[in-house]
Amino acid sequence: MTVWEAVVLGIVQGVTEFLPISSSGHLVIVQQWLGVHQGALSFDAIIHAGSLLAVITIFRGELLLMTKGIVSPQQDKEGRRLLVWLILATVPLVVVGLTLRDTVETAFTSIYVTVIMLTVTGGLLWLAESRHGKSQGESPTKRHALWMGLAQAGAVMPGLSRSGSTIALGMLAGLNRETAARYSFMMSIPALLGAMALELKSLLDGTEVGMGGTLEPIVLIAGVVASTITSYAAIAILLRFLRNGRLIFFAYYAWAFALLTLLLELNGS
């Protein structure tokens with residue numbers, strides 16, 4: 001893998017991680033287009049650090065509030081409440097990750113599963129927008145955390161956008177666009193940490209034979225830097241867009257991408 005390939009993949013990962021269009025599907029397809037195989041798995045695991053760094057930087061205020069909620073739970077009740085809801089939203093993902101990992105890995109081998117899940121992503125975004133008039137809440141509650149947590153757990157499937165499904169379910173549960181997006185991005189912190197830990201554990205255990213490879217430090221650095229910058233930009237742009245913009249445009253993109261992926265697969269088979 002060259003430095004420029006690392007930069008391209010870092011940009012793709014950073015942009016698609018937070019825009020509601022499925023990062024896993026885009027990253028796999030771009031890797032195939034570039035012919036990148038050496039070190040692909042280890043590279044994917046490491047560049048997630050860029051997205052993690054970006055979201056921590058943007059939501060450092062909320063993270064500080066949650067930290068105060070741990071240190072002084074009686075005085076900082078808002079921080080404690082936010083932390084509890086974040087933990088609650090993460091539980092479904094942990095359960096799915098521990099019990100259905102083999103099933104999920106099998107799903108990644110089927111392009112048709114990806115196509116179906118991209119279609120579902122578009123459908124959820126369309127449904128959320130169609131009911132936006134009823135989604136005006138500005139503060140997440142236990143109910144919102146639970147529904148968005150279930151959406152995040154389902155998003156382990158290839159093609160089902162984590163940000164898209166969680167934002168959509170948050171809106172359907174009563175939150176406005178921007179609040180649902182902000183909470184979705186905060187939910188990504190434990191999700192990204194878990195994904196990185198699982199992928200790196202597989203590499204260290206040698207369970208991903210043939211997928212690794214030696215990568216130069218400059219290649220990894222280039223990928224992480226590109227991922228960090230584009231992740232930060234994607235979060236900032238999407239939050240600003242959602243103040244007045246509509247998610248329906250991303251629904252159309254998900255459907256178009258699903259159709260293109262299906263046509264390419266049928267043409268190549």
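Tutor: The accessible surface of the protein comes to about 13000 Å², and 68% of it belongs to carbon and sulfur atoms. Such areas come from the Shrake-Rupley method with a 1.4 Å probe, and for residues only the protein chains shown count as cover. The model is predicted: local features need pLDDT of at least 70 and side-chain atom pairs count only at pLDDT 80 or more, while totals for chains, interfaces and linings use all residues. Residues are numbered from 1 along each chain as its sequence is written, and side-chain values use heavy atoms, with hydrogens and water left out.

Student: What makes up the secondary structure of the protein?

Tutor: The protein has 12 helices and 0 strands. Helices (H or I, at least four residues) and strands (E, at least two) are DSSP runs, numbered from the N terminus.

Student: Why is S188 called buried?

Tutor: Buried means under 20% relative accessible area, exposed over 50%, and partly exposed in between, with a 1.4 Å probe and protein chains only. S188 has 1% relative accessibility, so the residue counts as buried. S188 is located in helix α10. Leaving aside neighbours within four places in sequence, S188 is in contact (heavy atoms within 4.5 Å) with F18, V55, Q152 and R162. In the protein as a whole, buried residues make up 48% of the 269 residues.

Student: Why is R182 called partly exposed, and why does E62 count as buried?

Tutor: R182 has a relative accessible area of 27%, so partly exposed is the term for it. E62 has 19% relative accessibility and therefore counts as buried.

Student: What makes E129 and R177 a salt bridge, and which helices hold them?

Tutor: Their closest N and O atoms are 2.7 Å apart. E129 lies in helix α7 (residues 111-130) and R177 in helix α10, so the pair ties together parts that are 48 residues apart in sequence. Both E129 and R177 are buried.

Student: How do you know that R243 and E178 also form a salt bridge?

Tutor: The closest N and O atoms of R243 and E178 are 3.4 Å apart, so this pair also falls within the cut-off. R243 is in the loop between α11 (217-241) and α12 (248-268), E178 is in helix α10, and the pair links distant parts of the chain, 65 residues apart. E178, at 24% relative accessibility, counts as partly exposed. Salt bridges that share partners join E129, R177 and R246 into one network.

Student: What makes an aromatic pair, and how many are there?

Tutor: Rings of Phe, Tyr and Trp (its six-membered ring) pair if their centres lie within 6.5 Å; planes under 30 degrees apart count as stacked, over 60 as edge-to-face and the rest as tilted. By this rule the count comes to 5 aromatic pairs. For F18 and F185 the ring centres are 5.4 Å apart and the planes stand at 90°, so the pair is edge-to-face. F18 lies in helix α1 (residues 3-18) and F185 in helix α10, 167 residues apart. Both F18 and F185 are buried, and F18, F59 and F185 form one aromatic cluster.

How values were computed: Salt bridge = Lys/Arg side-chain N within 4 Å of Asp/Glu carboxyl O.
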